[in-house]
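Dear colleague,

Please find the structure below, handed over for your study.

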Amino acid sequence: MRDRFLSSVATVTITAAAIGAVVAVLGTQTSAQGPAALKTAWGEPDLQGIWTVEYDTPLQRSPRFANQEFFTEEQRAEFDRVRSQNRGRDERGARGSEIDVAGAYNDEFGAMKRTGKRTSAVIDPPDGRIPPITPEAQKIAATDRDLRLALMQATQTCKQGLPGCAGGKFDPTPTTRRSEQPARYNTARMNRHDGPEDGALADRCLTIGLPEFGAGNGGGSFRRIVQTPGGIAMYYDVGQGQGWQRSIVMDGSPHLPSQIRQWFGDSRGRWEGNTLVIDVTNFSPKADYRGSRESLHLIERWTRTSPTTLDYVVTIEDASVWTRPWTVTQEFTRQNEQENRIYYEPRCVEGNFGHPAVMRASRLEDQAFAEGRGPDPLTKDNASGGANFDPLQQ
């Protein structure tokens, strides 16, 4: 029995050594062959993991840098220094002070990333700028803006000429347009709370959706990519809990019928070499990306460039909004799956209890005004917020 036991131990030891040798060889091959060796068990390029953009890059290039595509190392260091000293409303003060309380929320949920190499995430057009919008899109935007500014006109924000009233003017008499409905489905915050749709999408826990380039707050956003032989799933952890999931159909079938619209569009993917190409159409008219809604069309390209990096390039098109298509690039870095866990259930709760509370408070303000116990609610700014100074955009 003892000899049989020792024989078994020797067999296990030899097997373990053999497996270790194979793993070592595979590791060497992966290192030597580069991204081409990063394959799933069924032979497709492996994009799986938790990914995020670790550096801060302006979406558009500042006119200051004209045709300069990349920052110098000296410029990056200077931007890091300046930005660290101008945290705006994220600044923390003495413990218990008003500025400390005001800055605590953003300090908890956000962080300042180091300046990236590129002067803009937009790589086409070559000037790094989003193309001009069409005359029709300008007209629609002006109509939206006109109603929003009318609702703001009697506030101190307009009286003091603050950014929240940019393009408007102060009038101490509240507008008579309070009950007017916007020309199209509202997605941004309005200076009234007569119904849930007066709140921004984020107020209602409805994320903006695609394309998504980092939800601000310094913390950016994360992607969790999971692959199967029949499809690909991407989980987006964005902002402060507005997580959402999208499924990429990989069976070669056509897009959904045009009358079927989805919040994140209809994603149909295919492989071109080591690149996952996703064609996205059929967006909902209730979603909005810079004025583009149901006519938004995206072509995304995801390419694994190393064991720890993933390139993302997306071309954005809507002939009713922009005068030409434009393209954005981002480089994602793989994250530790234990130290950077993603909570797979979206954690946004404001729309569950915070937004109804805002609605209730607004009704109480209306009642107080009607009874002569308070000011007209339209003299109070409930729509705009302060903006941090960002030297990268100047």
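Cys158 and Cys165 form a disulfide (a pair of cysteine sulfur atoms within 2.5 Å), with their sulfur atoms 1.9 Å apart. A disulfide is a covalent bond between the sulfur atoms of two cysteines. The structure holds one disulfide. The torsion about the S-S bond of Cys158 and Cys165 is about 90°, so this disulfide is right-handed. Both Cys158 and Cys165 are buried, where buried means under 20% relative accessible area, exposed over 50%, and partly exposed in between (1.4 Å probe, protein chains only).

This is a predicted model, in which local features need pLDDT of at least 70 and side-chain atom pairs count only at pLDDT 80 or more, while totals for chains, interfaces and linings use all residues. Residues are numbered from 1 along each chain as its sequence is written, and side-chain values use heavy atoms, with hydrogens and water left out.

The second topic is strand E9, residues 275–281. Strands (E, at least two residues) and helices (H or I, at least four residues) are DSSP runs, numbered from the N terminus. Seven of the seven residues of E9 are buried. Thr275, Val277, Asp279 and Thr281 point one way from E9, and Leu276, Ile278 and Val280 point the other way.

Strands pair if DSSP finds at least two bridges between them. E9 pairs with E8 (residues 266–272) in the antiparallel sense over seven bridges, and Glu272 has Thr275 as its bridge partner in E9. Two residues lie between these strands in their hairpin, where Gly273 takes a positive phi near 65°. E9 also runs antiparallel to E10 (residues 297–306), joined by six bridges. There, Thr275 stands opposite Thr303.
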